[in-house]
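User: Hello! I am new to this structure and would like to learn how to read its features one by one. Please give me the general idea each time, and then the case at hand.

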Amino acid sequence: MDEREELNNVMIYRDNDTRDKEIRVYDTGTVFQSATYTDEDSRYELVFEYMKQFNRAFEVNPEAKTVMLFGGAGYAYPKYVISHYPDVSIDVVEIDPQAYQTACQFFYFDQLIKDYDLDNNHRFRNIIRDARDYIYRADRKYDIIIDDAFVDVEPVYSLQTIESFRQIKSLLTGKGQLVINLSGFRRIDQTYYLLDVLKTLQETFANVIVLKAFFYKYTRTGNYVIIASDKPIPLENTVRYNTDTAGIITAANIGTLQQKFDLFLNK
């Protein structure tokens, strides 16, 4: 595929990453939902830095064997998990059936299926369903649950209520971790939303940490990856925060939101 292709308002085309390495991107017009390297040796590697932060959950629990991901998009992270963690299985809960078809047609997931014989083992399940509904119908427990579900640029808010967090917690194994990707922070209300999510998680889990992803050239703003667990999370390079002092950020003193937010988090 050399030209731009449009599928139901989704644009798919080639570009280059920050190292000038060729990638194929999944562009909804306001945000890049996914990307893949096009050269054969790198197709199962991760382009986006925030997805690399998902792997920190395996640092916390190297024995993790089961993963559930909310939000498939280009299925970049499932490709990585299947190809890099041979003993791990992953269930993807994606509401849009076109996402999986697109991943197979343009993002090499069809190749992954053949390379890892996914039609004949139990390492991958694609579940076409609303994630908020599925957490009440799930038929197994997971070592890692990752919330990367978005509607355009907005997170799926119904997955980030205290009721949903409690239900997700019931699906985790003893050492289980919930991982959440929050991105953007172009507006002050998005900054407050991050702090609200942290407060709600602290009411549900004993330990909550924040990781900051590298700024990617397409987003212009960073991603914050949250890990929550009832077990200790012994990771370095985490972001310090205090949800009790969120009021120091106001519309009057915000200046450049991202810079102020970085200061607030004691980067």
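Analyst: Let's begin with the naming: helices (H or I, at least four residues) and strands (E, at least two) are DSSP runs, numbered from the N terminus. This is a predicted model, in which local features need pLDDT of at least 70 and side-chain atom pairs count only at pLDDT 80 or more, while totals for chains, interfaces and linings use all residues. Residues are numbered from 1 along each chain as its sequence is written, and side-chain values use heavy atoms, with hydrogens and water left out.

User: Which residue just after α4 takes a positive phi?

Analyst: That is Tyr108, with a phi of about 70 degrees.

User: What caps the N-terminal end of α4?

Analyst: The idea to know here is the polar contact: a pair of N or O atoms within 3.5 Å. Within protein, one atom must be able to donate a hydrogen and the other to accept it, and residues adjacent in sequence count only if both atoms are side-chain atoms. In this model, Asp96 does the capping, with a side-chain oxygen 2.9 Å from the backbone nitrogen of Gln98.

User: Which residues of α4 are buried?

Analyst: Buried means under 20% relative accessible area, exposed means over 50%, and partly exposed is in between (1.4 Å probe, protein chains only). Helix α4 covers residues 97-106, and its buried residues are Gln98, Ala99, Thr102, Ala103, Cys104 and Phe106.

User: Now a strand, please. How many residues of β5 are buried?

Analyst: The count is 5 of its 5 residues, so to speak a mostly covered strand. Look at the side chains too: Thr66, Met68 and Phe70 point one way, Val67 and Leu69 point the other way, and all are buried.

User: Which strands does β5 pair with, starting with β6?

Analyst: Two strands pair if DSSP finds at least two bridges between them. Between β5 and β6 (residues 89-94) there are 5 bridges, and these strands run parallel. Within that pairing, Leu69 stands opposite Val92. The path from β5 to β6 goes through α3, and this β-α-β crossover is right-handed. Right-handed is judged with the strands pointing away from the viewer: the path from the first strand over the helix to the second runs clockwise. Strand β5 is also joined to β8 (residues 142-147), in parallel, by 4 bridges. There, Val67 has Ile144 as its bridge partner.

User: How many aromatic pairs are found in the whole structure?

Analyst: A pair of aromatic rings is described by the distance of the centres and the angle of the planes. Rings of Phe, Tyr and Trp (its six-membered ring) pair if their centres lie within 6.5 Å; planes under 30 degrees apart count as stacked, over 60 as edge-to-face and the rest as tilted. The search of the whole structure gives 14 such pairs. One of them, Phe48 with Tyr50, is stacked, at 5.9 Å centre to centre and 15 degrees between the planes. Both of these residues are buried. Tyr75 and Phe124 make an edge-to-face pair, at 6.5 Å centre to centre and 70 degrees between the planes. Tyr75 lies in the loop between β5 and α3 and Phe124 in strand β7, so this pair ties together parts that are 49 residues apart in sequence. Both Tyr75 and Phe124 are buried.

User: Where does the charged end of Lys21 sit?

Analyst: A charge sits over a ring if NZ of Lys or CZ of Arg is within 6 Å of the ring centre and within 35 degrees of the ring normal. For Lys21, the ring is that of Tyr37, with the charged end 4.8 Å from its centre.

User: And how many salt bridges are there in the whole structure?

Analyst: A salt bridge is a side-chain nitrogen of Lys or Arg within 4 Å of a carboxyl oxygen of Asp or Glu. The search finds 11 of them. In helix α1, Glu49 and Lys52 are 3 residues apart, about one turn of the helix, and their closest N and O atoms are 3.1 Å apart. Asp91 bridges to Arg140, with the closest N and O atoms 3.7 Å apart. Asp91 is in strand β6 and Arg140 in the loop between α6 and β8, so the pair ties together parts that are 49 residues apart in sequence. Shared partners join Asp91, Arg125, Asp139 and Arg140 into one network of salt bridges.
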